[in-house]
Amino acid sequence: MRKVAAPARSMRKSARQARAQETVKTIVLAAARILKTDGVRSLTTNHIARTAGVSVGSLYQYFPNKEAILVALIREQLQRDDDHFGHVVLAQQGDLRAGIRAITRELCVYQNTVAPLLTELLPLLSPLEQTRFVEERFLEMTRTFEAFLLRFEAELRPELRDAARRQRALWISAHALRATLNQALSEPGLLLDPTFQEEVATLTIGYFVAPPLPA
């Protein structure tokens with residue numbers, strides 16, 4: 001009898017886990033809808049619970065406070081963006097210069113679209129959570145870009161084929177690019193300007209790509 005009951009208990013546990021995951025997803029989606037339609041000031045746990053169709057008590061079973069819901073919401077948004085960025089990087093099959101141009105355009109579009117939302121949401125989190133989000137994403141995108149560069153290793157500046165030297169170059173360029181794109185937010189439309197995108201790409205190409213051999 002015990003051998004028969006064990007799978008049944010496991011199935012009930014799986015069903016509970018599935019329902020819990022669905023409830024969490026519903027709550028996070030409700031928070032996203034409120035942000036989109038009513039703004040940050042309307043984002044309260046009571047409002048989120050009503051929109052999600054759950055009781056406040058049920059909400060607190062999964063999230064201890066509003067910040068925890070925001071953390072889940074931002075993580076979901078960033079994961080979608082990181083997945084999209086990864087697909088863009090993987091799709092680059094031409095030469096290194098063309099790939100850098102395509103990735104630069106994607107980064108500019110992302111900064112123009114998502115950064116304003118994060119600028120609104122991140123201040124609602126604790127300083128520790130803010131720092132964690134920014135640094136985690138920064139490191140993830142840097143690793144993705146390094147993997148892209150290694151696919152075109154033969155086109156890199158010769159000294160960047162050394163791992164330690166390449167890591168230092170990535171650190172410098174990533175911080176410079178982040179500062180440039182953040183500053184560009186202050187000028188409406190600049191991030192979507194093809195001339196701006198080309199200048200940023202040219203800077204990156206000049207830093208990483210070996211110059212053409214003389215004729």
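A salt bridge here is a side-chain nitrogen of Lys or Arg within 4 Å of a carboxyl oxygen of Asp or Glu. Before you click, note that this is a predicted model: local features need pLDDT of at least 70, side-chain atom pairs count only at pLDDT 80 or more, and totals for chains, interfaces and linings use all residues. Residues are numbered from 1 along each chain as its sequence is written, and side-chain values use heavy atoms, with hydrogens and water left out.

Is R157 buried or exposed? R157 counts as buried because its relative accessibility is 15%, and buried means under 20% relative accessible area (exposed is over 50%, partly exposed in between; 1.4 Å probe, protein chains only). E159, at 32%, counts as partly exposed.

By the salt-bridge rule, the count comes to six. Here are two more of them.

**Stop two: E136 and R75.** Pick this pair next; the closest N and O atoms of the salt bridge are 3.0 Å apart. It ties together distant parts of the chain: E136 belongs to helix α7 (residues 127–151) and R75 to helix α4, 61 residues apart. Helices are DSSP runs of H or I, at least four residues long, and strands are runs of E, at least two, numbered from the N terminus. E136 is partly exposed, with a relative accessible area of 35%, and R75 is partly exposed, also with 35%.

**Stop three: R101 and E198.** Now move to R101, whose side chain meets that of E198 in a salt bridge (3.1 Å, N to O). Again distant parts of the chain are linked: R101 sits in helix α5 and E198 in helix α9 (residues 194–208), 97 residues apart. R101 is partly exposed at 28% relative accessible area, and E198 is partly exposed at 31%.

**Last stop: Q92.** Q92 is buried, with a relative accessible area of 14%. Zoom in on its side chain: a polar atom there lies 2.8 Å from the backbone oxygen of V88, a polar contact (N or O atoms within 3.5 Å, one able to donate a hydrogen and the other to accept it; residues adjacent in sequence count only if both atoms are side-chain atoms). Then show what surrounds Q92: leaving aside neighbours within four places in sequence, Q92 is in contact (heavy atoms within 4.5 Å) with A98, G99, A102, I103, F148, R151 and F152.
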